[in-house]
Amino acid sequence: MSFVGGGSDLPGFYRRYGGAVLSTSIDKFIYVNVNRKFDDGIRIAYSRTEEVSSIDEIEHQLVRACMEHLTLAGGIEITTIADIPAKGTGLGSSSSFTVGLLHALNAYQGRYVSKETLGADSCHIEIDRCGEPIGKQDQYAAAYGGFNLIEFHPDDRVAVTPVICRPETLQTIEESILVFYTGITRSASKLLAQQSEQVDRQADKQQVLRRMVQLTYDLYAEIQGNNEAVFGEILHENWMLKKSLTQGISTDDIDDWYAAARAAGATGGKILGAGAGGFLMLYAPKERHEAIAAALPGLRRIKMGFDRQGSAIIFYQRNQGA
């Protein structure tokens with residue numbers, strides 16, 4: 001769940017100016033199970049099932065790329081389940097899947113892998129090997145977990161710094177967030193490619209993103225100073241700026257929902273992810289939540305909390321045949 005700075009993690013921008021986002025991982029998970037298969041084939045079960053005899057035959061490009069990256073052959077079974085819809089929702093599900101799969105495959109091979117390596121390798125898989133026109137924030141957020149400032153340096157280095165504040169400050173922020181599912185899924189890649197192209201060639205779009213990066217550092221400083229009262233205001237400014245980056249980030253329906261939520265007491269919010277659908281995140285005092293939900297009768301409210309751990313191996317038993 002990214003709060004401010006989204007879009008500054010695209011290479012066309014951060015390699016010129018540097019980027020930064022403030023985000024948290026959430027308590028919605030993708031579970032990846034890897035097991036030795038009794039024969040030399042490969043079985044992959046996700047929203048569909050693939051039974052193949054070689055890596056080259058795998059249609060799921062992320063699985064294929066991860067296995068190639070780790071030089072894995074056959075004789076393996078990979079199954080996944082997810083708490084929420086896996087595509088087009090703006091919650092970084094593809095990156096979370098890639099992080100989790102790499103983590104599980106490394107463990108399957110009897111190898112420890114650090115959070116920094118998980119973030120970097122996941123970016124390599126999605127951006128370099130699979131050619132996705134996306135940024136780097138989701139991969140590092142999923143790998144590290146927690147509430148962090150994530151900085152993207154012009155030399156491609158990524159720095160993850162935890163937000164340090166009083167426990168009650170973090171609790172207030174977490175309890176002030178409410179999330180609604182719009183029921184709309186969309187291609188993040190298409191939106192991000194369009195945004196990246198416009199930012200590359202338009203100075204005014206670059207200025208918008210530079211302001212969003214400044215808001216990231218402003219909010220980071222305010223939270224560390226335990227001044228969560230400004231959270232909604234900064235979210236609101238960030239959303240107004242983000243909408244101006246490219247056509248399609250918002251829609252008439254989204255604008256209407258957001259306006260209704262603001263009228264009911266929300267101080268800020270945004271569409272999570274690239275925009276155009278997925279989940280609408282709002283920030284408001286707890287006592288206004290029921291009124292906001294009543295103002296959005298067509299949307300499904302989803303309870304989400306913060307996650308502190310990030311990607312983790314929750315069960316491991318070394319298979320001698322692996």
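**Ground rules.** I'm working from a predicted model, where local features need pLDDT of at least 70, side-chain atom pairs count only at pLDDT 80 or more, and totals for chains, interfaces and linings use all residues. Numbering starts from 1 along each chain as its sequence is written, and side-chain values use heavy atoms, with hydrogens and water left out. My helices (H or I, at least four residues) and strands (E, at least two) are DSSP runs, numbered from the N terminus.

**H3 and H4.** I looked up how helix H3 (residues 93-108) meets helix H4. Their axes come within 9 Å and cross at roughly 120°; axes are lines fitted to C-alpha atoms, for helices over the stretch in contact, and angles run from 0 to 180 degrees between N-to-C directions. On the H3 side I noted Ser94, Ser95, Thr98, Val99, Leu102 and His103, which meet Leu118, Asp121, Ser122, Ile125 and Glu126 of H4; contact means heavy atoms within 4.5 Å.

**Salt bridges.** I counted 15 in the whole structure, each being a side-chain nitrogen of Lys or Arg within 4 Å of a carboxyl oxygen of Asp or Glu. One that I followed up is Glu68 with Arg129, whose closest N and O atoms are 3.4 Å apart. Glu68 sits in helix H2 (residues 61-69) and Arg129 in H4 (residues 115-129), so the pair ties together parts 61 residues apart in sequence.

**H9 and H10.** Next I checked H9 (residues 231-243) against H10 (residues 252-263): they pack at about 165°, with axes 14 Å apart. That makes H9 and H10 roughly antiparallel (the cut-off is over 145 degrees). Their crossing is left-handed. His236, Trp239, Met240 and Lys243 of H9 meet Ile254, Asp255, Tyr258 and Arg262 of H10.

**The sheet.** Which strands make up the open sheet, and in what order? I read the order as E10-E11-E9-E12, 4 strands with antiparallel pairing; strands pair if DSSP finds at least two bridges between them. E10 (268-271) and E12 (300-302) are the edge strands, each pairing on one side only. The twist averages 25° from one strand to the next. E9 (residues 177-181) pairs with E12 over 3 bridges, and Val179 has Ile302 in E12 as its bridge partner.

**Helices on the sheet.** H6 (residues 167-176) lies across E9 and E11 (279-283), at about 30° to E9. H10 also turns up here, touching E10 and E11, with its direction at about 160° to that of E10.

Conventions: Parallel < 35°, antiparallel > 145°, perpendicular 65-115°, else oblique. Left-handed = near helix turned anticlockwise from the far one by under 90°.
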